[in-house]
Amino acid sequence: MHANDGFRELGRQQCLTLLATVPVGRVVYTCQALPAVFPVNFALDADGAVLLRTSADSALARAVDGAVVAFEADEVDAAVYSGWSVVVTGRAAVVTDTAERERLERIGPRPWVPSPEEVLMRIGPELVTGRELVGGRTVYGVRLSARTPVPAARAGDRPAPG
């Protein structure tokens, strides 16, 4: 991230505080040597670890157990050009310790789609990074909302082949 790109870097505690305000994020992992992204609901443990609950036989559980993954969550207000994004990078692991699993059962997350056999997964917070854009103003002092938005192209807007 360039120091003058219009975003402000967030500290670890700021990142974790923001993460606790949203219910859904994305796990980024490798699947057949390609990047894969999977949306999940989550909770945070006291140390900042991301907690997931999924079916024991899910492709997600098989793909990420023991792997280094990234977890990303964000919040954006497009009307005022503001928002934040936080990434937690660390090793994902299925929680197998009985006492630890019982403790984590109490703090969540609750499954949105329960399955007969579920596992709790924990992503260790080895690296926590984030950035935010507040009120649509860049560090250059340029007000983003003053810029004329470029309309999205529609399929029918293409020039005819000539």
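Let's start with charges: the structure holds 10 salt bridges, each one a side-chain nitrogen of Lys or Arg within 4 Å of a carboxyl oxygen of Asp or Glu. Before going further, note that this is a predicted model, where local features need pLDDT of at least 70, side-chain atom pairs count only at pLDDT 80 or more, and totals for chains, interfaces and linings use all residues. Residues are numbered from 1 along each chain as its sequence is written, and side-chain values use heavy atoms, with hydrogens and water left out.

**Charged pairs**

| Glu 118 | Arg 53 | 3.6 Å |

Helices here (H or I, at least four residues) and strands (E, at least two) are DSSP runs, numbered from the N terminus. Glu 72 is buried at 14% relative accessible area, while Arg 26 is partly exposed at 24%. For those words, buried means under 20% relative accessible area, exposed means over 50%, and partly exposed is in between, using a 1.4 Å probe and protein chains only.

The salt bridge between Glu 118 and Arg 53 also links distant parts of the chain, with Glu 118 in strand E8 and Arg 53 in strand E5, 65 residues apart. Both Glu 118 and Arg 53 are buried.

Arg 101 and Glu 105 are a local pair by contrast: both lie in helix H3, four residues apart, about one turn of the helix. Arg 101 is partly exposed at 24% relative accessibility, and Glu 105 is partly exposed at 27%. There is also a network, in which salt bridges that share partners join Asp 45, Asp 47, Glu 100, Arg 103 and Arg 122.

**The two ends of H3**

Just after H3, Gly 108 has a positive phi of about 100 degrees. Gly 108 is then joined to Pro 109 by a cis peptide bond, with omega about 5 degrees. Pro 109 belongs to the loop between H3 and E8.

**The core**

The largest nonpolar core has 27 residues, and Leu 19, Val 27, Leu 52, Val 64, Phe 71 and Ile 123 touch the most other members. A nonpolar core is a set of buried Ala, Val, Leu, Ile, Met, Phe, Trp, Tyr and Cys residues joined through side-chain atoms within 4.5 Å. Among the elements giving two or more residues to this core are helix H1 (12–19), helix H2 (59–64) and strand E7 (82–94).

Which residues does Ile 123 contact, leaving aside neighbours within four places in sequence? Ile 123 is in contact (heavy atoms within 4.5 Å) with Val 27, Ala 49, Val 50, Leu 52, Val 69, Phe 71, Gly 90, Arg 91 and Ala 92.

**Strand pairing**

Two strands pair if DSSP finds at least two bridges between them. E1 (residues 8–10) pairs with E9 (residues 127–133) in the antiparallel sense over three bridges, and Arg 8 stands opposite Glu 132 in E9. E7 and E9 are antiparallel too, over seven bridges, with Val 86 opposite Gly 130 in E9.

**Loops and cysteines**

In the loop between E2 and E3 you'll find Gln 32 and Ala 33. Gln 32 has a positive phi of about 55 degrees although it is not a glycine, and phi of Ala 33 is near 65 degrees, again positive in a residue other than glycine. Gln 32 is exposed at 74% relative accessibility, and Ala 33 is exposed at 71%.

Ser 58, in the loop between E5 and H2, is buried at 14% relative accessible area. Its side chain makes a polar contact with the side chain of Thr 54 at 3.2 Å, and the side chain of Ser 58 reaches the backbone nitrogen of Ala 61 at 3.1 Å. A polar contact is a pair of N or O atoms within 3.5 Å; within protein, one must be able to donate a hydrogen and the other to accept it, and residues adjacent in sequence count only if both atoms are side-chain atoms.

Finally, the structure holds zero disulfides, a disulfide being a pair of cysteine sulfur atoms within 2.5 Å. Cys 15 is buried at 0% relative accessible area, whereas Cys 31 is partly exposed at 37%.
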